Amino acid sequence: MQSDDAQYLKRKVKPGNIDVHPTEKALVVHYEVEASIRGERGDAVHEERKECQKIIRLKSLNASTDVALLARKVVEECKLIHPSKVAEVEHLLFYLQNRKKPGKEKKLMKPRELTPFEGMEIDEEANINKIDEYVELLYENIPEKIRGSTLILHLARNPDNLEELLRNETALGALARVLREDWKQSVELATTIVYVFFCFSSFSQFHGLITHYKIGALCMNIIEHELKRYDLWQDELDKKSKAYILTAVSDHEKAYKKYQSLLVKQEQLLRVALYLLLNLAEDTRTELKMRNKNIVHLLVKTLDRDSEELLVLVVSFLKKLSIFLENKNDMAELDTVEKLARLVPCEHEDLLNVALRLLLNLSFDTGLRSKMVQVGLLPKLTALLGSESHKQIVMCILYHISIDDRSKSMFAYTDCIPQVGLLHSLFTLKHTGNGLKMLMKRALKFKDPLLMKMIRNISQHDGPLKQLFLDYVGDLAAQIGPDEDEEFVIECLGTLANLTIPDLDWELLLREYNLVPYLKDHLKPGSAEDDLILEVVIMIGTVSMDDSCAVMLAKSGIIPALIELLNAQQEDDEFVCQIVYVFYQMVFHQATRDVIIKDTQAPAYLIDLMHDKNTEIRKVCDNTLDIIAEYDEEWGRKIQSEKFRWHNSQWLEMVESRQMDEAEPYLYGDDPDGLEQADLFYSTGKSRISNLSLSLSLSLSLSGTILGQYIFK
């Protein structure tokens, strides 16, 4: 075979969406396999794509399973799921954990959760072969339309019938038409037809069908209309309540019962319509269209309702939307936190859980954290710390609130102290080490990254507070190793890096716990997550303040590793700034200064970064180069030359720009008297200075280097 005929197979796998299995306790991971046969030169001879799916069965999942731990395990073992999707997997596992087993009819929802007409009598059993007869009923009066759509609904609730219904365009078109024309005339009719399309929305492959009939936009209109009707009912009921004294008791009771009956039916319609929209929102483009139609406003307005089943759905929808900045800002403007405050706590466990998760998402915003304190959520959240099912989420929210200095004092009025020692660590730590001891003991025992994050925040405070950490540096250093949880190690490294204490013997600590090899190994690009590598760099910067430690690090070959990392992360300002800061610390010491100047190209990199757009990077580079220039004449000349070259180029650029801006309109002789003015060089002092500047600019543009060097000298 000739070399030109040589071929090889190239296979590429692209991960896709993750869904829950409709009937089994399992996750469905969608992915695409792209296979291509390529020639020796790399050109594609034949390409083929295939959509596949992997089913991950979760036999051990039950009501007591730790879904967070299981989610991490699933992501670790399944290479098709990116580590960034741990939170999404956890959410799906939580759904599976709480989903009831489907019955014989494979119902798509819990019967008690969404049943349009409980107890409604149907005089005949729905049959897929009679679908055309049911469609005929849709052309009759409202009661017959309700009957026909209800029979079709009984078919649609069985997933096995959906394909058959999909092929009957007449039935679906008739349902869409009746909904569009008659939904205002009957809540029962609207609920039934929306429920039919909801059954299709539970499967993403049918979303195109719903989009085709514009059911999503129609549901938005229905929800908006029903919320306005609710406001009118409320106003009418208030008026009748005020006139209660003037009316008979029986009339008032009748009005209230009628209101309750209307409310129940309306909430059934709202639930099925919102659930359909939630399913469609799997596509972010569809979700954006919903936002443009004020979905956030409608959902927040619905938070005023009392139906727990409806509120679970509404809060879940808001939680999904809250991950986008624009939606979060809308929620802030609509006082969402105030409305959520009344739901915390509540007896409905699912509602409480999803409300806390929404509050957690919102707590990343400083203003909304402050609002949570203002509306009295802090003591309510503290009271939930004793609940095993909600403790972790509550701890996260409390941690976010504790970041703000203005909110810290509010912890004094809660029960937080005996439960986690949070207040003790924040306020009495300056006078006693018991609070830190309690926190440290608990964090190390349970390897809790969240508690360690609190300890790390405490270690940032200057003054006598840092001295209390001297008793725990060994415990922290012992946690740094390849076998420990990476998230926990990051917080331990960050805490140690904050301990700029003169009394701390860094050299002894590094030797006793053999930390130098770990630090060096984790400077390699790709050796770990960027967060961990950055903490390693910061840690090196801290220990480099010690003379003997700096020498130890230099001898270990860490400086070339830092330069390699600088090359790899040159687009990341935080990495660049921290690495340059390490060089700044090392040039203070004779031994490491000689290594940096004579054995590495670090000064050359610093010269390149001397004019970086980041102010902090420029400042650290300038200070470091000033020290190098003071101790090494050769580098001093290079640094001075580079500084002159930069200033000179800036000067020339400024002069050229000024000449262009201030160019005279008669520069080329259009002014007949322009060159005949006798006082051109012999007028007032201001004119002489101006023309001297022009002459200097001209000279500089011709022989800028010589003149510039003279000025610098």
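Colleague: Does Phe-200 count as buried or exposed, or what else would you call it?

Modeller: This is a predicted model. In it, Phe-200 counts as buried because its relative accessibility is 0%, and buried means under 20%.

Colleague: Where is Phe-200 placed?

Modeller: Phe-200 lies in helix 7, residues 187-201.

Colleague: And what does Phe-200 touch, leaving out residues up to four places away in sequence?

Modeller: Phe-200 touches Leu-162, Leu-165, Leu-166, Leu-172, Phe-206, Leu-209 and Ile-210. Take Leu-162: along the chain it is 38 residues apart from Phe-200, and the two C-alpha atoms are separated by 7.1 Å.

Colleague: Changing topic. At what angle do helix 31 and helix 32 cross?

Modeller: Roughly 155°, with the axes coming within 10 Å. Helix 31 is therefore roughly antiparallel to helix 32, as angles over 145 degrees count that way.

Colleague: Is that crossing left-handed or right-handed?

Modeller: The crossing of helix 31 and helix 32 is left-handed.

Colleague: Which residues meet there?

Modeller: From helix 31, Ile-559, Leu-562, Ile-563, Leu-565 and Leu-566. From helix 32 they meet Phe-575, Val-576, Ile-579, Val-582, Phe-583 and Met-586. That contact has 11 nonpolar residues, no polar and no charged.

Colleague: Now the whole chain. How many helices and strands?

Modeller: There are 37 helices and 3 strands. The chain has 713 residues, and 44% of them count as buried.

Notes:
Residues numbered from 1 in each chain as written. Predicted model: local features only at pLDDT ≥ 70, side-chain atom pairs only at ≥ 80, totals over all residues. Heavy atoms only, no water. Axes fitted to C-alpha atoms, helices over the stretch in contact; angles between N-to-C directions. Helix = DSSP H or I, 4+ residues; strand = E, 2+ residues; numbered from the N terminus. Parallel < 35°, antiparallel > 145°, perpendicular 65-115°, else oblique. Left-handed = near helix turned anticlockwise from the far one by under 90°. Contact = heavy atoms within 4.5 Å. Nonpolar A, V, L, I, M, F, W, Y, C, P; charged D, E, K, R; others polar. Buried < 20%, exposed > 50% of the residue type's maximum accessible area, 1.4 Å probe, protein only.
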